[in-house]
Amino acid sequence: MHPEIVLPCLDEAEALPYVLKRMPEDWPVIVVDNGSTDDTAEVARGHGARVVVEPRRGYGAAVHAGLEAATGELVAFLDGDGSLDPDVLPAMAETVASGRADIAVGRRVPDSAGVWPWHARAANAVIATMLRGRGIPVHDIAPIRIARRRALLDLGIEDRAFGYPLELLIRAGRAGWRFDEVPVRYARRAGGRSKVSGSVKGTVRAGRDMVRLLR
């Protein structure tokens with residue numbers, strides 16, 4: 001059985017057709033509609049994805065709803081805006097399935113100037129440096145990762161906002177998980193508007209959620 005892909009989405013109707021057409025062949029996709037006001041759910045269903053509705057706003061709430069709804073042994077997570085290259089997913093999945101790592105995570109590599117705003121990149125670098133100081137070997141808090149579903153649930157992640165991916169890494173590190181970090185091409189989003197890194201306000205909000213977890 002192929003890994004399942006969870007795409008947390010808030011108003012991504014414009015980007016989804018491009019995103020869903022690029023998913024690995026025959027991998028089931030769960031689109032978590034996190035309170036969209038556009039046609040995100042309808043577009044997702046029209047392109048063969050299963051839709052899970054999570055009315056409670058928050059990146060973590062959407063991701064965790066997708067994790068709970070998944071049924072496969074391996075679950076992949078990817079933003080629904082088309083900015084991250086899904087071609088890396090099969091190799092990431094194989095690394096985890098083979099037992100060489102407990103979790104595979106992406107390290108974003110911008111494909112052009114301006115793709116990753118300076119304020120978002122700087123905040124990410126500071127937090128990643130703090131994680132490495134704790135023995136967690138990552139250089140990015142990227143929204144692309146693959147791990148075993150049951151193991152992820154057993155971590156007991158509590159954050160349901162922007163701190164979710166950071167809490168995941170912290171708890172995985174404490175649990176002694178083996179990490180495999182791979183480069184992933186980072187491009188301009190396929191459509192719609194960024195909710196986090198596209199604005200200083202969004203970056204500050206996400207950074208606040210993450211710094212709280214590092215105290």
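Helices (H or I, at least four residues) and strands (E, at least two) are DSSP runs, numbered from the N terminus. The model is predicted: local features need pLDDT of at least 70, side-chain atom pairs count only at pLDDT 80 or more, and totals for chains, interfaces and linings use all residues. Residues are numbered from 1 along each chain as its sequence is written, and side-chain values use heavy atoms, with hydrogens and water left out.

**Figure 1. Overview of the protein, with eight helices and seven strands.** Of the 215 residues, 55% are buried (under 20% relative accessible area; exposed is over 50%, partly exposed in between; 1.4 Å probe, protein chains only). Among contacts (heavy atoms within 4.5 Å) between residues at least 6 apart in sequence, 73% join residues at least 24 apart.

**Figure 2. The largest nonpolar core, with 36 residues.** A nonpolar core is a set of buried Ala, Val, Leu, Ile, Met, Phe, Trp, Tyr and Cys residues joined through side-chain atoms within 4.5 Å. Ile5, Leu7, Val31, Leu89 and Ile144 have the most contacts inside this core. At least two core residues come from each of β1 (4–9), α1 (16–21), β2 (29–33), α2 (40–46), β4 (74–77), α4 (89–97) and β7 (179–186). Helix α4 supplies the largest share, four residues. A second, separate core has 33 residues, including Val75, Leu131, Val138 and Ala147.

**Figure 3. Surroundings of isoleucine 5.** Neighbours within four places in sequence are left aside here. The remaining contacts of isoleucine 5 are Met23, Pro24, Trp27, Pro28, Val29, Ile30, Ala76, Leu78 and Leu89.

**Figure 4. Aspartate 85, in the loop between β4 and α4.** Aspartate 85 is buried, with a relative accessible area of 12%. Its side chain makes a polar contact with the side chain of arginine 22 at 3.2 Å. A polar contact is a pair of N or O atoms within 3.5 Å; within protein, one must be able to donate a hydrogen and the other to accept it, and residues adjacent in sequence count only if both atoms are side-chain atoms. A polar atom of the aspartate 85 side chain also lies 3.0 Å from the backbone nitrogen of aspartate 87. Not counting residues up to four places away in sequence, aspartate 85 touches Arg22, Ile144, Val184 and Arg185.

**Figure 5. The largest cavity, with a volume of about 60 Å³.** A cavity is a set of points, on a 1 Å grid over the protein atoms alone, where a 1.4 Å probe fits but cannot get out; lining residues have an atom within 4 Å of a point. Grid points are joined across faces, edges and corners, and a volume is the space filled by probe spheres set on the points. The whole structure holds two cavities of 30 Å³ or more. The lining of the largest cavity consists of Val105, Val138, Asp140, Ile141, Ala142, Arg145, Pro165, Leu168 and Leu169. Helix α7 (residues 164–174) gives the most to this lining, with three residues. Eight of the eleven residues of α7 are buried.

Figure 6. Aspartate 11 is partly exposed, with a relative accessible area of 25%. Aspartate 26 is exposed, with a relative accessible area of 60%.

Terms used: 1 Å grid on protein atoms, 1.4 Å probe; cavity = no way out; pocket = protein on both sides within 12 Å on 5 of 7 lines; lining within 4 Å.
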